[in-house]
Amino acid sequence: MNLFRVPIVSFCLVLMMGCEAWAQGSASDRPKIGLVLGGGGAKGAAEVGVLKVMERAGIKPDYIAGTSIGSILGALYANGYTAAQLDTLMRSQDWVTLIGDRNIDHKRKIVSEDSTAYYVLGFPVMRKVKNPDANGVGMLRGDHIMQLIDSCTNLPDSVNFNQFHIPFRCVAYDIKNKEEVVMESGNLPLAVRASMAIPGAFKPVRKNDRVLLDGGLINNLPVDVVRQMGADVVIAVDLTQKKRDSRDFSVGVGGLVEWVLTRPDLIKYNQNVDSADIYINPDLDGYGVSSFNLSSIEVMIERGETEAWKHYKQLLELKDGVFQKDISELQSRHRNRDEDKNDQNQDD
């Protein structure tokens, strides 16, 4: 028995027992609401805080799109999990073990091995068994994350993501063909795994003629994706702090060299920020993509709530069907962007 899988299964069974599908309760003339959950590693804890406030305001999105950590949380939320349950997930899981494919049978040994790999403190450093579907740079295969999504959703191997409680999309980047890939059907755990495949750390996901990496390489805040799904009004949760550092994967491997030089993600990112109707950007200064310790997660959840409460009036207006886009907020985004550009010029 895989000892690591037991707590995941137990946790997900508890959540699924308490998981209730929300009633739609929407009038035909109500604007369709899209929710966008951006990428940012451990900073995704703040997205859970935002979801808690959205639920308090009575907001249920009609569509969800996510990238990287946003695809993990978005996939579960789209399948009926509540903000409170995701809060429990964020606080209770050993994320370092999950993300790092750590083998708990080897974690107490500095150096060890089994029939599949060599380990340092339980983390795989060299695989013995080659996986033809996981060739490429990167040590991690994301097996534990896929187990988590699989156990918590219990879906068929192939499914249309429109069939979830809330229609869902997640984004990856095809490094071979240099194009964005929006996943709307297939194996959900594999789709999420592709969306979070940080280059240099995770092996790419190979699917047909595609070589898929983290969606943040091309679209870290997929507002355009959720609009294409049919959203009239978009709530976007952006985990980016210094805007010029948006998903700064400075990894010069293969096709990534061209990406580093051109940064196609920044153009789309700026467009999506402007396109969002309710833009929620929690203050996560001092926290990073690897801040998975419990104390940091607790603070980031709280900061997500704090920032979402600033938009509570807008959320209530959206629920009541009288929402109007705040022009002053849009102007503030442009001012902040100009300040970031000035800071960058001074740094250069």
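Student: What should I know about the model before I start reading it?

Tutor: The model is predicted, and local features need pLDDT of at least 70, side-chain atom pairs count only at pLDDT 80 or more, while totals for chains, interfaces and linings use all residues. Residues are numbered from 1 along each chain as its sequence is written, and side-chain values use heavy atoms, with hydrogens and water left out.

Student: What is a salt bridge, and how many salt bridges does the count come to?

Tutor: A salt bridge is a side-chain nitrogen of Lys or Arg within 4 Å of a carboxyl oxygen of Asp or Glu. By this rule the model has 12 salt bridges. One of them joins Arg91 to Asp87, with the closest N and O atoms 2.5 Å apart. The two residues sit 4 residues apart in helix α4 (residues 83-92), and therefore about one helical turn separates them. Helices here are DSSP runs of H or I with at least four residues, strands are DSSP runs of E with at least two, and both are numbered from the N terminus.

Student: Which residues are linked with Arg91 and Asp87 in a network of salt bridges?

Tutor: The network of salt bridges links Lys52, Asp87, Arg91, Glu298 and Glu305.

Student: Where do Arg210 and Asp174 lie?

Tutor: Arg210 and Asp174 form a salt bridge whose closest N and O atoms are 3.2 Å apart. Arg210 lies in strand β11 (residues 210-214) and Asp174 in strand β7 (residues 168-174), so this pair ties together parts that are 36 residues apart in sequence. Arg210 is partly exposed, with a relative accessible area of 30%, while Asp174 is buried, with a relative accessible area of 0%.

Student: Which residue forms a salt bridge with Asp277?

Tutor: Asp277 is paired with Arg227 in a salt bridge, and their closest N and O atoms are 2.7 Å apart. Asp277 belongs to the loop between α10 (264-275) and β13 (278-280) and Arg227 to helix α8 (residues 223-229), so the pair ties together parts that are 50 residues apart in sequence. Asp277 counts as buried at 9% relative accessibility, and Arg227 is partly exposed with a relative accessible area of 26%.

Student: How many residues does α11 have, and which of its residues are buried?

Tutor: The expected span of a helix is 1.5 Å times one less than its number of residues. Helix α11 has 16 residues and reaches 23 Å from its first C-alpha to its last, close to the 22 Å expected at 1.5 Å a residue. Its buried residues are Ser296, Ile297, Met300, Ile301, Gly304, Glu307 and Ala308. They cover an arc of only 135° around the axis, which puts them on the same side of α11; the arc is that of the directions from the helix axis to the C-beta atoms. Glu307, buried at 14% relative accessibility, touches Ile280, Asn281 and Pro282, not counting residues up to four places away in sequence, where contact means heavy atoms within 4.5 Å.

Student: Which residues lie on the two sides of β1?

Tutor: In a regular strand the side chains alternate between the two faces of the sheet. In β1, Ile33, Leu35 and Leu37 are on one side and Gly34 and Val36 on the other, and all are buried.

Student: Which strands do bridges join to β1?

Tutor: Two strands pair if DSSP finds at least two bridges between them. Strand β1 runs parallel to strand β12 (residues 233-237), to which 5 bridges join it, and Val36 has Ala236 as its bridge partner there. Strand β1 also runs parallel to strand β2 (residues 63-67), with 4 bridges between them, and the partner of Leu37 in β2 is Gly66.

Conventions:
Buried means under 20% relative accessible area, exposed over 50%, partly exposed in between (1.4 Å probe, protein chains only).
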